[in-house]
Amino acid sequence: MKSLRKRGYATAFTSTVIALAFAVVWVCIQSAELWSSSLEVREGREAPITVRLPASYFRITMLRNEYHYLNTTSSSCPQLVPRGTKLVRGKECTGLAKAYESSRRPIRPMRLIGSFVFYLMVGLVLSAYMRRDGMGRARLVRSHLAIFSVLTLAALISKAILLFTPCPAELIPVAMVPMLAAYFLGRRLSFGVAMASALLASSLVNYDIQIFLVHLLAGFASVVAIGQRRRAGVHLKAGAVAALVAVLATLGTTLLFSGTLNIYDDISEHVDPRYSLWLAALFSGVGSGVLAWLLTPIVGSMVGEVSRGRLLDLQDLDHPLLKRLRERAPATWEHSRAMANLAEAAAQAIGANTQLVRVGAYFHDVGKSYHPEFFIENQGDGQNPHDQMTPLDSAHTIFHHVTEGTRLLRQHGVPEDVVEFALTHHGTGVLEYFWHKNLSEGNATELTERDFSYPGQKPTYRETGIVMLIDSIEAAARTVSPADKAQFELLVQRIVYTKLARGQLDESGLSLADTRSVANTVVDALVGMYHGRIKYPWQTDVTGEIATGRATPHAGLAVVAAAEDAAAEAVAPVVDAVAPAAADPVPDIAERTSEPIVAPPRNGDKDAG
Ligand SMILES: [Fe+2]
Ligand SMILES: [Fe+2]
């Protein structure tokens, strides 16, 4: 079987290339003003850029016995010489600004190399962190490029603010980077992005520790505020939280480093609000939120997220692929539609993308439109082609709906986020039924479990994880009898436990709390779908009593029985599939699915506690 092209995941090599490019760009941005003689600060003319004298520079200057100079000018010498200030000899900070500038020009190669190594390390560590701890699309090369691009954009905006305005460095909007990372790539990863952003921000102002701490705390706060659920305006809320935290962090660090705090001076001395430290901290958070909100569509397309408009297009039931599935495999289409409703409810419960799971459920089995007759839900005439096939050939025909579905979707230009549903809905597990059938027939050709493993991959984001669970649950739920809450709970628990025990959800980003919410929501939805109804008199059974109990939706489709990922589904005779399972419904389901259901630990079991 031909192997499928996987998405472009970052490797150590791609990480190194990206980090090298990132380091070069950041060195250029950091030292931008030093490459142009027109931006040089000279005595006797207006400063072409804002000069920000580092706190450490004051201390060093004092050690050089220039304390007298500082002492006489300190009251009128802020750490900052705004752009446009006339640098008159003997006035204000002319001497300091000149001394500081002369220490930086001409550019010293060793300093550039030092900066390059610093940025390279930040880039390499951040990229490795994304590859190892990121979930789903965080490990894609395109996501790496998106995050490093946004960091670079933040650097450009920050540098412009630092060079051409007199505003304090607290204003730079670097918190937008962790906000966007949290929104698109998950919260866990974003704390590392916040750390990197703060480090990089401080590097633009002589590695100022106060700037690092303020932006680190604001970045962390914005990530926490973004949360797991996607709501309209979440960036603005995160920006407000970041602003509040930045103000408090500025307050704390000012007290910590200077030992004094005079808010009145900040307001009264600097009549021009551009000089206010507190306003800068406030607008840093708000600005980050607004920028993150504005950049959301661009970053979304960079990381490969499907837009809402595109998802709406894909929900059109007249889409050629859905039409084809509906015409060639109507029972599979019914299964997909039922799944879509369940998956949407589950996604809503955990704040996942409801539109994406609906579309994913519609398209996940589109590969069955090639040879629908190999799947029991489409074997209306009772003919089962697997009866004349070897177990390996049978397995390959089942696998084809994954591989062909993936190819078909790619051929039709369906976005990769949707293609992943076809690729991942069976994970990488073994097709147990045919593997055991092969063993029972003697395994003459010495095949291995690998030959009977699905050719897909494990779900890599929450939405595909949900669809994997719902795929098995929806098919198996059709056979539960009696269709009451207790039986559905048992069924759902066992399927969820089986997937967890086999590690199929390890990379999906679904937390245990998410999984519990999904399970509870699906049980409630199933009870709603299969709730009991009183039968009409003409529906009485042979004893003449009016039967109560459920009116089975899609009654003819009950033969689908059990999970469609099942080999059993593909081979079990229809009569067998509809056999009543009232006595012990769940074991019956276990037999019908390709994956024997593993019983969850009971209260008394050793591992349970
Ligand atoms: Fe499938
Ligand atoms: Fe399916």
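This note goes through the predicted model point by point, from the overall fold to single residues.

1. Overall make-up. The protein chain holds 24 helices and two strands. Of its 609 residues, 45% are buried. Take the contacts between residues at least 6 apart in sequence: 77% of them join residues at least 24 apart.

2. Burial of helix 6. Helix 6 is mostly covered, with 10 of its 10 residues buried. They are Met-176, Val-177, Pro-178, Met-179, Leu-180, Ala-181, Ala-182, Tyr-183, Phe-184 and Leu-185. What do the buried residues of helix 6 pack against? The partners are helix 5 (141-164), helix 7, helix 8, helix 9 (234-258) and helix 11 (277-302).

3. Helix 6 against helix 7. Helix 6 spans residues 176-185 and helix 7 spans residues 187-203. Their axes come within 8 Å and cross at roughly 165°. Helix 6 is therefore roughly antiparallel to helix 7, the cut-off for that term being over 145 degrees. The crossing of helix 6 past helix 7 is right-handed. On the helix 6 side, the contact uses Val-177, Pro-178, Ala-181, Ala-182 and Leu-185. Helix 7 contributes Arg-187, Leu-189, Ser-190, Val-193, Ala-194 and Ser-197. By class, this contact of helix 6 with helix 7 has eight nonpolar, two polar and one charged residues. The spacing is worth a remark. An α-helix has 3.6 residues a turn, so residues three or four places apart point the same way.

4. Asn-206 sits in the loop between helix 7 and helix 8 (209-226). Its phi is near 55°, a positive value in a residue other than glycine. Tyr-207 lies in the loop between helix 7 and helix 8 as well. Tyr-207 is not a glycine either, yet its phi is positive, about 55°. Tyr-207 counts as partly exposed, because it has 13 C-beta neighbours inside 10 Å.

5. A cis peptide bond. Arg-105 and Pro-106 are joined by a cis peptide bond, with omega about -10°. Pro-106 is placed in the loop between helix 3 (94-104) and helix 4 (109-133).

6. Helix 19. This helix covers residues 462-477. Helix 19 is mostly covered: 16 of its 16 residues are buried.

7. Helix 17 against helix 19. Two packed helices are described by the angle between their axes and the distance between the axes. For helix 17 (residues 416-424) and helix 19, the axes come within 10 Å and cross at roughly 35°. The crossing is right-handed. Glu-420, Phe-421 and Thr-424 of helix 17 make the contact with Thr-464, Val-467 and Met-468 of helix 19. By class, it has three nonpolar, two polar and one charged residues.

8. Val-41. This residue lies in the loop between helix 1 (12-30) and strand 1 (51-52). Val-41 counts as buried because it has 24 C-beta neighbours inside 10 Å, where 20 or more is the cut-off. Which residues does Val-41 touch, leaving out those up to four places away in sequence? Ala-47, Val-51, Leu-87, Ala-97, Lys-98 and Glu-101. Val-41 and Val-51 are 10 residues apart in sequence, and their C-alpha atoms are 8.2 Å apart in space.

9. Ala-349. This residue belongs to helix 14 (residues 330-350). Ala-349 counts as buried because 20 C-beta neighbours lie inside 10 Å. Leaving out residues up to four places away in sequence, Ala-349 touches Ser-517, Val-518 and Thr-521. Ala-349 and Ala-519 are 170 residues apart in sequence, but 9.9 Å apart in space, C-alpha to C-alpha.

Technical notes
Residues numbered from 1 in each chain as written. Chains lettered and ligands numbered in written order. Predicted model: local features only at pLDDT ≥ 70, side-chain atom pairs only at ≥ 80, totals over all residues. Helix = DSSP H or I, 4+ residues; strand = E, 2+ residues; numbered from the N terminus. Buried ≥ 20, exposed ≤ 12 C-beta atoms within 10 Å, placed from the backbone. Contact = placed C-beta atoms within 7 Å. Axes fitted to C-alpha atoms, helices over the stretch in contact; angles between N-to-C directions. Parallel < 35°, antiparallel > 145°, perpendicular 65-115°, else oblique. Left-handed = near helix turned anticlockwise from the far one by under 90°. Nonpolar A, V, L, I, M, F, W, Y, C, P; charged D, E, K, R; others polar. Expected span 1.5 Å × (residues − 1).
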